[in-house]
Amino acid sequence: MITVGFLKSKFFIVLVMIAIVLIILPTVLTAFGAGAIVREAIGTLAVPFQWCFTKACDAFDGFRGYFTDYNRLVKENESLKEENARLSESIGHAMAEKDENEWLKSYLALDGTLYDFEMKSATVIATEATNYTTVYTLNCGSLSGVKEKMPVICGTSLVGYVSEVGAVRCKVTPITDSTSSVAAYIERTGASGLLEGDFSLRADGLCKLTGIKENADIEIGDTVVTSGIGSVYPAGIYIGTVSEIESDPYSRTQTATVKPAAEFDSLSHVMIILSYSRTDNSDDE
Amino acid sequence: MMNNTMNTKNKKSAPASTDVRTHVRHIGTKHALIYGAVIFILAILQTTVFSRYRILSSVPELTLSAVVAIAFFENEYYASLFGLFGGLVVESLGYPGSFMLPLIYLLIGTGCALICKKVLSHSFASFGILSAAALLVRSMYWLAVCLFGSKQLSFIGVFLFSVMPEFIVSLALSPIIFLIIRTVHRILQKS
């Protein structure tokens, strides 16, 4: 029978063998610290095409926005001018406060908690937000000094971490992905928890802060920052704000829904933190 | 339709005992390159354009529809080869860590080609049935991966937010992929 014949043919058996090797090989190579060669080759080959399609999408968005968002932009421009005036005034105050702060700090010999970051700017060339996972492909790879598990930020907000590195590209898993978890705390009260991506919240660009003590002081609008526990993220990076709070009487903990500050829908330029050290102590993390 | 059915039934297949090189002769280099390019472009479209402009908050699976369409228009050799290739490409670009996709797409492609050849008539309705079946297998796979591989995911949540929308959107777009592959197939036949 022809049907059975094909399934027994060497051609089909060889293809199945290749598929099985493609399952086993990456697992073995990853165990030895190497990447998946075939996938890496395909991914690298796709980089220029992905870049072209992404640029085409950007151009289309820009073209569409030119016609549809004109009125919105005029209003936004006016409000930005007002905000600029307010900020200019604030900068004057801030400069004075900074000088005072530095003087007080040196006087009291306070241990600084700020970090010196060595950063690399990168462009998002593809947003591979499938229905099950979300991954951003950046145009920087190991040739630019990027390594796995490096934190990625946008402005001052946390985006995620580098989950896969190729020669000229890398993939970033955002904090909203269900495979991501970040040690974090509420800046106002110090209540700590674990920020995790949630499958049902991912579509809305939200994540949740779990394991907060039942009696911890937490309110909607509270700022969430990284705690620095673990080896990936430095402490004090702004994550977002609390948008909802739930209590679980069984586990006697609270869970907060967090709206990340990073705008994942329009992510185009990010910074990869290549290394970081404390400003005053110079402790390499 | 009858003629088409006859043509399909009469497609050549090599006997089981022949050498791999004999089987490879069933696949033309030009055909392979063009179908490969089409799958590659569809996979990139899927992971760039459609992940930005989502339909029903979902990214359609174009590559699998292309594999089914190739299985529909060509023979089982093409179907198995491009099933393997399609699974590898879509996994490399969009689903890091899910190493099973090449094998699953290979089996889906082969299965579709053999069913199309032996059971179903060569009509658009048959393609619809095959696409639905293929997408269902893929949905089941992802449902299993999500539920067994990830932490604290609910079956209802995964099913409603990801599996169902993806299935509907992918099936809705599969006629477009069918037309693309049919056009490519006709051009290749003429040349």
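How many bridges join strand β4 (residues 157–165) of chain A to β5(A), and in which sense do the two run? They run antiparallel, and 5 bridges join them.

## Model and conventions

This is a predicted model: local features need pLDDT of at least 70, side-chain atom pairs count only at pLDDT 80 or more, and totals for chains, interfaces and linings use all residues. Residues are numbered from 1 along each chain as its sequence is written, chains are lettered from A and ligands numbered from 1 in the order in which they are written, and side-chain values use heavy atoms, with hydrogens and water left out.

## Chain A overall

Chain A holds 5 helices and 12 strands. Both are DSSP runs, numbered from the N terminus: helices are H or I with at least four residues, strands are E with at least two. Chain A has 285 residues, and 40% of them count as buried. Buried means under 20% relative accessible area, exposed over 50%, and partly exposed in between (1.4 Å probe, protein chains only).

Take the contacts in chain A with a separation of 6 or more: residues 24 or more positions apart account for 57% of them. A contact means heavy atoms within 4.5 Å. Chain A exposes about 15900 Å², and carbon and sulfur atoms supply 58% of that area. Accessible areas come from the Shrake-Rupley method with a 1.4 Å probe; for residues, only the protein chains shown count as cover.

## Strand β5 of chain A

Strand β5(A) spans residues 170–174 and is mostly covered, with 5 of its 5 residues buried. C170(A), V172(A) and P174(A) point one way. K171(A) and T173(A) point the other way.

β5(A) pairs with β2(A) (residues 134–138) in the antiparallel sense over 3 bridges. Two strands pair if DSSP finds at least two bridges between them. On the β2(A) side, L138(A) stands opposite C170(A). On the β4(A) side, K171(A) is the bridge partner of E164(A). A hairpin of 4 residues joins β4(A) to β5(A).

## Salt bridges

Over all chains, the structure holds 9 salt bridges. The criterion is a side-chain nitrogen of Lys or Arg within 4 Å of a carboxyl oxygen of Asp or Glu. In chain A, a network of them links R188(A), D217(A), E219(A) and D222(A).

In chain B, R138(B) meets E61(B) at 3.3 Å, N to O. R138(B) lies in helix α8 (residues 124–149) and E61(B) in the loop between α4 (49–52) and α5 (62–73), so the pair ties together parts 77 residues apart in sequence. R138(B) is buried at 1% relative accessible area. E61(B) is buried too, at 1%.

R138(B) also meets E166(B), at 2.7 Å, N to O. E166(B) sits in helix α9 (residues 155–190), so this pair ties α8(B) to a part 28 residues away in sequence. E166(B) is buried, with a relative accessible area of 1%. K117(B) and E76(B) form a salt bridge at 3.1 Å, N to O. This pair links helix α7 (residues 101–118) to helix α6 (residues 76–94), 41 residues apart. K117(B) is buried at 8%, and E76(B) at 1%.
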